[in-house]
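Here is a short tour for someone new to this structure. Have the sequence and the 3D view at hand, and follow along heading by heading.

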Amino acid sequence: MRWDQLFDDLEAQLGAEERRERDSEVADRTRRERASVELGARLAAAAGSALRLRLLAGVQVQGELLDLGEDWLLVQLENGRQAVVPLRAVTGVVGLPARALSARTARRFALGYALRGLSRDRAAVAVTDTSGQVLTGTIDVVGADSLDLAEHALGDSRRPENLRGRHTVPFWAVMLVEAR
């Protein structure tokens with residue numbers, strides 16, 4: 001019997017078993033770490049990247065992710081406009097990095113605060129709701145959970161003679177707010 005060959009074979013088997021255990025442990029740790037990464041962190045890592053967002057009602061938008069808050073995204077659309085997208089309206093994202101490598105975090109303010117900025121600036125907007133209906137006009141009031149839109153054509157100023165109505169839209173029904 002060749003003891004050297006036997007011992008070399010046993011040593012190789014032991015080394016292979018140790019490598020399998022180490023690889024299994026590394027894979028398990030990787031899965032646990034990935035399980036702790038939230039979507040917001042991955043979106044923050046994607047700031048400046050081109051993404052395609054699938055929204056409620058089958059709507060899709062594509063563009064560069066410019067900024068994000070605790071429950072909203074700001075996207076530079078391909079048509080040159082910027083849009084605020086409530087995070088709860090997103091049903092899927094294409095182009096998101098697998099990891100959250102960036103130290104950047106989301107802004108601390110919520111959707112209502114972002115919409116108040118549009119209201120303050122009297123910006124003409126197109127609001128798409130979860131049914132796919134698009135309302136155009138100026139956001140007059142932003143409450144705790146809804147907005148009031150003075151409806152008018154996008155080319156018209158917000159004057160009483162141009163108003164077609166006033167719509168209250170709950171935040172849960174807002175899918176996309178495009179600034180024109």
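## The largest nonpolar core

This is a predicted model. Its largest nonpolar core has 20 residues. Those with the most contacts inside this core are L115, L118, V125, I139, L147, L149 and V177.

Where do the residues come from? At least two each are supplied by β3 (72-77), α3, β6 (124-129), β7, β8 and β10 (174-179). Helix α3 gives the most, with four residues.

## Around I139

Take I139 as a way in. Leaving aside neighbours within four places in sequence, I139 is in contact with L115, L118, V125, L147 and L149, among others. The list of contacts also includes S119, R122, A123 and D148.

## A second core

A separate core exists as well. This second one has 19 residues, including A44, V61, L65 and A83.

## Salt bridges

Side chains of opposite charge can pair when their charged atoms come close. How many salt bridges does a search of the whole structure find? The total is nine.

One of them joins R107 and D67, at 2.4 Å from N to O. This pair links distant parts of the chain, 40 residues apart. R107 sits in the loop between β5 (90-94) and α3 (111-120), while D67 belongs to strand β2 (residues 60-68). D67 counts as buried, because its value is 10%.

## Bridges at β7 and β8

D140 and R158 also meet through their side chains in a salt bridge, 2.8 Å from N to O. D140 lies in strand β7 (residues 134-142), and R158 lies in the loop between β8 (146-151) and β9 (165-170), so the bridge ties together parts 18 residues apart in sequence. D140 is buried, with a relative accessible area of 16%. R158 is partly exposed, at 30%.

E151 pairs with R164 in another salt bridge. Their closest N and O atoms are 3.6 Å apart. E151 is in strand β8 and R164 is in the loop between β8 and β9, so this pair ties together parts 13 residues apart in sequence. E151 is buried, with a relative accessible area of 14%.

Some salt bridges share partners. Through them, R122, D140, D148, R158 and R166 are joined into one network.

Definitions and conventions:
Residues are numbered from 1 along each chain as its sequence is written. This is a predicted model: local features need pLDDT of at least 70, side-chain atom pairs count only at pLDDT 80 or more; totals for chains, interfaces and linings use all residues. Side-chain values use heavy atoms; hydrogens and water are left out. A salt bridge is a side-chain nitrogen of Lys or Arg within 4 Å of a carboxyl oxygen of Asp or Glu. Buried means under 20% relative accessible area, exposed over 50%, partly exposed in between (1.4 Å probe, protein chains only). A nonpolar core is a set of buried Ala, Val, Leu, Ile, Met, Phe, Trp, Tyr and Cys residues joined through side-chain atoms within 4.5 Å. Contact means heavy atoms within 4.5 Å.
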